Structure formats: structure tokens, C-alpha cells
Amino acid sequence: MNDEVVSKLKFKCVRCGDCCKWHGYVKVSESEAEAIAQFIGMDTADFYENMLMPGDEGESVSLTENDDGSCPFYSDSPQGCRIYEVRPSQCMSYPLEWRNPDKRCPGLENVNEPGQTNG
Ligand code: SF4
């Protein structure tokens, strides 16, 4: 079994927020932007103007970030994503498809039962 498969079997989110609290682009598609705007009760045009910025490649757009690089939708209290139900697919795929190169996700250490995931 390769490392990636083992990680998928052993990941369980511990809601530390590490993946949401560092600088980086969080790509948002058009349909995701509409869903998030609707979820937070914001006009889509206002959402584009206030919550999105140019992404790292071509025509993509990304969520804005706070001065410390954290995501504006991450909450320390209670800990977690305030738009969890409609979070971008990039967020859903962490840490199984991409990872912070400088920090190991503690959810990958939190092994309870094989096959248990939370994402
Ligand atoms: S949208 Fe939610 S899951 Fe994605 S980086 Fe922001 S707080 Fe984290």
C-alpha cells in the first residue's frame, strides 16, 4: 500500500485550523462563489468585490486573506470554518490531495480506526 492510500485511511480532522491559518491561495470557482455568497447572505457581486482576489494563475480567483495570512472564514471560537457546508473544493481536499509543505497535518496522526475520515 502506498503512502497516499495509507494517509486516506488514517486521516481524521482535529479542527486545529492549521490548514486555514497560513498564507496561500484558496481557489474559488464561479459556482462555489455563488454558493458561499448565498450561504452568508451576501450579494454575489459584493462577494466578488470584497471577498475574492486574483488567484495565482491566469483567470482563477481566490479568497481574500487576513493580514496574518489566515482565511477570513476561519473562526477561533468556536474553532472551525464558518462556511464549512459550502467550503471550496480545495479546502475539502486537504490534506489528502495537497498539504502544507512546512507543517504536518495533526489529523494524519489522529488514527482511530482504519477508514475513518472527516473532510
Ligand atoms: S474556506 Fe473554510 S476550510 Fe477553507 S480555508 Fe477558509 S476557513 Fe478553512
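Which helix is the place of lysine 10? The legends below go through this predicted model view by view, and that residue gets a panel of its own.

**View 1. The whole chain, end to end.** The predicted model holds four helices and five strands. Read from the N terminus, the elements go α-β-α-α-β-β-β-β-α. Of the 119 residues, 13% count as buried. Look at contacts between residues at least 6 apart in sequence, and 66% of them join residues at least 24 apart. Confidence averages a pLDDT of 85 over the chain, and 83% of the residues score at least 70. Residues 113-119 are the stretch to treat separately: pLDDT stays under 50 there, and the model gives that stretch eleven contacts beyond four places in sequence.

**View 2. Lysine 10 in helix 1.** Back to the opening question: lysine 10 sits in helix 1, which covers residues 3-10. Lysine 10 counts as partly exposed because 18 other C-beta atoms lie within 10 Å, and the buried class asks for 20 or more. Glycine 107 is 97 residues away from lysine 10 in sequence, yet their C-alpha atoms are 8.2 Å apart in space.

**View 3. Arginine 15, with a positive phi.** Arginine 15 belongs to the loop between helix 1 and strand 1. Its phi is near 60°, a positive value in a residue that isn't glycine. Arginine 15 counts as partly exposed because it has 14 C-beta neighbours inside 10 Å.

View 4. Three strands make an open sheet in the order 1-3-2, with antiparallel pairing. The edges are strand 1 (27-28) and strand 2 (52-54), each of which pairs on one side only. Strand 3 (residues 61-63) pairs with strand 1 over two bridges, in the antiparallel sense. Zoom in and you'll find valine 28 opposite valine 61 of strand 3. As background, strands of a sheet pair through backbone hydrogen bonds, either parallel or antiparallel.

View 5. Leaving out residues up to four places away in sequence, serine 62 touches Tyr25, Val26, Lys27, Val28, Leu52, Met53 and Gly55.

**View 6. Glutamate 30 in helix 2.** Helix 2 spans residues 30-40, and glutamate 30 is found in it. Glutamate 30 is exposed because it has 10 other C-beta atoms within 10 Å. Serine 60 is 30 residues from glutamate 30 along the sequence, with 9.5 Å between the C-alpha atoms.

View 7. Around the ligand sit Cys20, Val26, Cys71, Phe73, Tyr74, Cys81, Ile83, Arg87, Pro88 and Cys91. Sorted by class, that shell has nine nonpolar residues, no polar ones and one charged residue.

**View 8. Proline 88, from the ligand shell.** Proline 88, one of the residues around the ligand, lies in the loop between strand 5 and helix 4. Proline 88 counts as buried because it has 20 C-beta neighbours inside 10 Å. Its contacts, not counting residues up to four places away in sequence, are Val26, Lys27, Val28 and Glu32. Serine 31 is 57 residues from proline 88 in sequence and 9.6 Å away in space, C-alpha to C-alpha.

**View 9. The largest nonpolar core.** Nine residues make up this core: Cys19, Cys20, Val26, Val28, Leu63, Cys71, Phe73, Cys91 and Tyr94. In soluble globular proteins, nonpolar side chains tend to be buried together. Cysteine 19 also has contacts to follow up: setting aside its neighbours within four places in sequence, they are Tyr94, Pro95, Asn100 and Cys105.

**View 10. Two cis peptide bonds.** Serine 77 and proline 78 are joined by a cis peptide bond, with omega about -5°. Proline 78 is in the loop between strand 4 (74-76) and strand 5 (79-81). The bond from tyrosine 94 to proline 95 is cis too, with omega near -5°. Proline 95 lies in the segment after helix 4 (89-92).

Definitions and conventions
Residues numbered from 1 in each chain as written. Predicted model: local features only at pLDDT ≥ 70, side-chain atom pairs only at ≥ 80, totals over all residues. Near = placed C-beta within 6 Å. Nonpolar A, V, L, I, M, F, W, Y, C, P; charged D, E, K, R; others polar. Core = buried A, V, L, I, M, F, W, Y, C linked by C-beta atoms within 7 Å. Buried ≥ 20, exposed ≤ 12 C-beta atoms within 10 Å, placed from the backbone. Contact = placed C-beta atoms within 7 Å. Pairing = 2+ DSSP bridges. pLDDT = per-residue confidence, 0-100.
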